[in-house]
Amino acid sequence: MTTREEELKKRKTYLQIAGTACSNCHKTCKEAGVTSLLRCARCRMFYYCSKECQKADFQFHKAFCSAIEEVNNTEEAWYSCKGTESEWNKRKIYQMQLLSYALDRELTNYERHAWLNQPKCQICFKCAKDLKKSQSLIPCPNCQVVFCCCSDHWEKHRSKHNDLCAIYQIMLDCEKIRYLPDQPLWAPEEYDEDKSYPPLPKDWNEYFKWRKASHILQHDSYCRVVTNTLSLPLTILAALKRFYDRNQLHSINDMVIHLAGANQYELLALMAFEEIMHVLPDIKSLQLVMIGLEMFSKNHGFPLKCCPRCTEENRKRVCSMYPMTYHDFANSLDYNKPHLVVGFNTGLYEDDTDLWKPTIECLLDKNSPCSFTSYSKKEAIEDVKILKEWGAKILTGAKENKWRSNMPLVEPQEVDKFYYNNYYITLFQGNANKEKN
Ligand SMILES: [Zn+2]
Ligand SMILES: [Zn+2]
Ligand SMILES: [Zn+2]
Ligand SMILES: [Zn+2]
Ligand SMILES: [Zn+2]
């Protein structure tokens with residue numbers, strides 16, 4: 001099996017987590033031609049269309065399964081969360097610690113995802129385990145991933161859910177495309193030679209036309225999935241335009257981009273960064289330096305495949321990885337001066353603020369051009385606030401990013417909240433206080 005196939009196997013989609021699709025083969029009841037799916041008797045959380053599928057999934061499932069069973073059997077682990085969302089969230093987080101303890105390791109992204117999104121009543125927050133044996137959660141017949149425990153609670157929740165059911169369905173549609181093993185993630189190699197960057201076209205629609213990929217626009221969900229990936233290189237291109245004028249941009253032959261706090265999202269989209277070279281054809285080599293604690297191993301540079309056209313024109317892409325904080329990297333011998341430093345959906349103010357502070361100070365010190373994005377306006381405003389506190393000179397603060405992803409993602413901590421990658425953008429460079437002196 002290729003790594004990608006393995007990754008896909010380990011992941012659970014929303015339909016799988018909801019118990020509406022087979023945990024192994026992704027088939028729903030209807031697709032598998034059965035009246036109901038079989039539930040794993042031990043963890044009571046994952047479902048299969050057949051004994052064969054359960055058997056095939058067991059090697060991926062067994063560790064998590066017995067951890068869940070252990071937590072289920074721990075008397076104190078399960079109690080009703082008294083019907084409030086904040087209590088429910090506290091329980092989920094606490095139980096994740098128990099799971100991690102039972103597994104004797106951190107939960108994987110997929111385990112965390114499955115745990116945080118497990119089905120519950122949208123009104124009283126009861127899970128299947130909190131219900132009587134004869135009862136089960138009732139799914140919305142249209143999206144199949146939102147539940148209530150009884151018809152009374154559906155009565156209460158229906159009008160609120162009706163507005164959002166369509167977004168849930170889009171989210172599921174996108175997910176289906178993302179889980180295809182051969183998902184084509186970036187736009188084709190053709191582009192309109194008469195038009196050159198900058199400026200970029202005015203929006204995604206125009207962009208796909210410019211890239212001679214108008215057919216993408218005909219399939220809404222497919223288009224959204226593509227924007228989720230292309231949002232990364234396009235956000236970089238838009239930021240470059242703010243820091244360099246046209247002549248400067250076209251004179252760069254060896255471009256170096258640092259990705260601070262890089263994680264899974266950027267890793268899965270690695271191939272799409274070639275788009276930068278398609279929009280800026282003067283680039284002969286593109287160096288992507290991924291720096292972050294989530295990188296698995298140090299790598300001083302490996303070549304990435306290029307499209308036939310770039311290969312023919314002898315363009316090169318190199319990616320290197322440093323599993324460390326940016327400020328540690330900046331003080332190492334591996335540091336090379338970047339044209340741009342990007343941080344995608346960093347949540348500076350929220351996660352690891354203590355680790356980000358020395359990173360930002362180091363970036364300001366080096367006067368590096370920086371582009372950071374946030375999931376929401378609220379987060380973007382908080383990020384700008386803290387950047388200012390740390391002395392950053394803000395060029396653009398918490399602005400809506402027209403190259404954001406259009407693919408909705410579910411916020412697991414809150415009911416009915418969706419978010420989008422790179423929704424808001426903040427550009428900064430250098431120290432605001434230094435300049436005043
Ligand atoms: Zn199956
Ligand atoms: Zn199980
Ligand atoms: Zn309920
Ligand atoms: Zn629905
Ligand atoms: Zn290419």
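Predicted model: local features only at pLDDT ≥ 70, side-chain atom pairs only at ≥ 80, totals over all residues.

**Helix pairs and a metal site**

Modeller: H5 and H6 are oblique to each other. H5 and helix H6 (residues 109-116) pack at about 140°, and their axes are 11 Å apart. The crossing of H5 and H6 is right-handed.

H5 also has a partner in H4. Helix H4 (residues 51-73) and helix H5 (residues 85-103) have axes that come within 9 Å and cross at roughly 120°. H4 and H5 are therefore oblique to each other as well. The H4 and H5 crossing is right-handed.

Now the metal site. Cys140 (SG), Cys143 (SG), His161 (NE2) and Cys165 (SG) coordinate the zinc ion (ligand 4), at 2.1 to 2.3 Å. Along the chain, the donors of this zinc ion follow the spacing C-x2-C-x17-H-x3-C. The angles among the 4 donor atoms are 104 to 119°, and the site is tetrahedral.

Cys143 lies in the loop between strand S3 (138-139) and strand S4 (147-148), while Cys165 is in helix H7 (residues 151-178), so the pair ties together parts that are 22 residues apart in sequence.

Next, how far the cysteines are covered. A residue counts as buried under 20% relative accessible area. Cys143 has 2% and is therefore buried, and Cys165, at 5%, is buried too. Cys140 is also buried, with 0% relative accessibility. Another cysteine, Cys127, is buried at 1%. As for bonds between cysteines, a disulfide is a pair of cysteine sulfur atoms within 2.5 Å. By this rule the count comes to 0 disulfides.

Helix H7 holds one more residue to look at, Tyr168. Tyr168 has a relative accessible area of 7%, so this residue is buried. Tyr168 can also be set against a residue elsewhere in the chain: Tyr168 and Thr353 are 185 residues apart in sequence, and their C-alpha atoms are 32 Å apart in space.

How values were computed
Residues numbered from 1 in each chain as written. Chains lettered and ligands numbered in written order. Heavy atoms only, no water. Donors = N, O, S within 2.8 Å, 3.2 Å for Na, K, Ca; no water. Tetrahedral: all angles 85-135°; square planar, octahedral: opposite > 155°, others 65-115°. Helix = DSSP H or I, 4+ residues; strand = E, 2+ residues; numbered from the N terminus. Buried < 20%, exposed > 50% of the residue type's maximum accessible area, 1.4 Å probe, protein only. Axes fitted to C-alpha atoms, helices over the stretch in contact; angles between N-to-C directions. Parallel < 35°, antiparallel > 145°, perpendicular 65-115°, else oblique. Left-handed = near helix turned anticlockwise from the far one by under 90°.
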